Amino acid sequence: MRWLTALITLLVLAVPVYGAVSDISIILASQNPYPVEPGETVDIEIQVQNNGYRSAENVFVIIDVSDPFVLVAGEDTVKSFNSISPMGSVTATYKLRVKDNTVSGDYDLKFKIYIGSMTGVYKTETVTISVRGEPRLILTGIDTIPANIEPGRTIQILPKIKNIGTGTAKNVQFILTSDTDVIVPVLSGGTAYVGDMLPGEEKSFELVVNIDTSAEYKTYQATLQAVYKDESNTDREESFIIGIPVT
C-alpha cells in the first residue's frame with residue numbers, strides 16, 4: 001500500500017494551482033495608428049489571456065499610465081471581467097494621447113492584474129507601444145542674389161525650408177533640376193547638404209546657377225528635390241516647384 005500512497009501524493013503535487021494571478025497574461029492585440037506620432041491619439045486593444053485550466057473569476061485589470069502617455073478623458077482605468085474561461089481570453093480597449101515632445105522610441109505600458117478583488121497580491125504585465133515622429137518639410141520662402149535676374153548672369157538662389165513635422169529629417173540634401181537649358185547649375189552649385197533638421201527647425205542654403213544668355217523675360221520653373229531619411233532610416237523624398245523670374 002505504500003507505493004499506492006506515494007503515487008497518490010505525486011499526483012496531488014502534480015495538480016496545478018488554478019486561478020492564480022500568474023495564470024493571467026496580457027498581450028497587445030492592436031495599435032492604431034502604428035506607429036503613433038507625438039501629439040496624436042492612439043487606440044490600443046489588449047487581450048487578457050487565462051493560461052490556466054480553470055476559470056478565472058472576478059478579474060480586474062488596471063492600466064498604469066505614465067509618460068509619455070495620457071489617458072483620454074472619459075476612459076476608465078479599471079476593466080473588470082466576471083469570468084475568463086480556461087485557456088480563453090477577453091479584450092479591452094483604451095484611447096491614449098502621446099505627449100507632444102515625446103522622443104521617438106518604443107515605450108512600455110503597464111497593467112496591474114488582480115483576481116477576486118482589487119486588493120492584495122497583483123501581477124504586472126507590460127505591452128510595448130511604438131512612437132515615431134514623422135518629418136514634414138515645407139518651403140517657407142526663397143530669395144535670390146541679385147534680386148533682379150538678367151540673362152547671362154550667375155545668381156545665388158537662397159531657399160528657406162522648415163520641418164513642421166514631429167520627427168527629425170536626417171542627412172537632408174537638396175538637388176535643383178530644370179527641364180530647360182536656360183537654368184544651368186554651376187558645378188556643384190545645384191546641390192546643397194544641410195544635415196539633420198529637427199522638428200520646428202528652419203534652414204536656409206545656397207544654390208548657384210547660370211542664367212543663359214538666350215533666356216526670355218519670363219518666369220522659369222525649376223524643381224527643388226529634398227532627399228533624406230526619417231527616424232526609422234527609411235529613404236524619403238519631397239519636391240518643391242520654384243519660380244525663377246528673368247527680368
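N233 is partly exposed, with a relative accessible area of 49%; the term covers the range between buried, under 20% relative accessible area, and exposed, over 50%, computed with a 1.4 Å probe on protein chains only. The model is predicted, so that local features need pLDDT of at least 70 and side-chain atom pairs count only at pLDDT 80 or more, whereas totals for chains, interfaces and linings use all residues. Residues are numbered from 1 along each chain as its sequence is written, and side-chain values use heavy atoms, with hydrogens and water left out.

The backbone of N233 has a positive phi of about 65°, although the residue is not a glycine. N233 is found in the loop between β16 (219-229) and β17. Strands and helices here are DSSP runs numbered from the N terminus, with at least two residues (E) for a strand and at least four (H or I) for a helix. A positive phi also occurs at N58, where the value is near 55° in a residue other than glycine. N58, however, is found in a strand, β3 (residues 56-64). With a relative accessible area of 36%, N58 is partly exposed.

Most residues other than glycine have a negative phi, and most peptide bonds are trans. A cis peptide bond joins N32 and P33, with omega about 0°. The peptide bond from Y34 to P35 is cis as well, and its omega is near -10°. P33 is found in the loop between β1 (24-32) and β2 (41-50), and P35 is likewise found in the loop between β1 and β2.

Strands of a sheet pair through backbone hydrogen bonds, either parallel or antiparallel. Strand β11 (residues 169-177) pairs with β13 in the antiparallel sense over five bridges. In β13, A192 is the bridge partner of F174.

The side chains supply further contacts. Rings of Phe, Tyr and Trp (its six-membered ring) pair if their centres lie within 6.5 Å, and planes under 30 degrees apart count as stacked, over 60 as edge-to-face and the rest as tilted. By this rule the count comes to four aromatic pairs. One of them is the edge-to-face pair of F69 and Y107, at 6.3 Å centre to centre and 85° between the planes. F69 lies in strand β4 (residues 69-71) and Y107 in strand β7 (residues 105-115), so the pair ties together parts that are 38 residues apart in sequence. F69 is buried at a relative accessible area of 3%, whereas Y107 is partly exposed at 23%.

Y114 and Y122 form a tilted pair, with 5.2 Å centre to centre and 45° between the planes. Y114 is buried, with a relative accessible area of 9%, while Y122 counts as partly exposed at 39% relative accessibility.

A charge also sits over a ring: K79 lies over the face of Y94, at 4.9 Å from the ring centre. Such a placement requires NZ of Lys or CZ of Arg within 6 Å of the ring centre and within 35 degrees of the ring normal.

Terms used:
Pairing = 2+ DSSP bridges.
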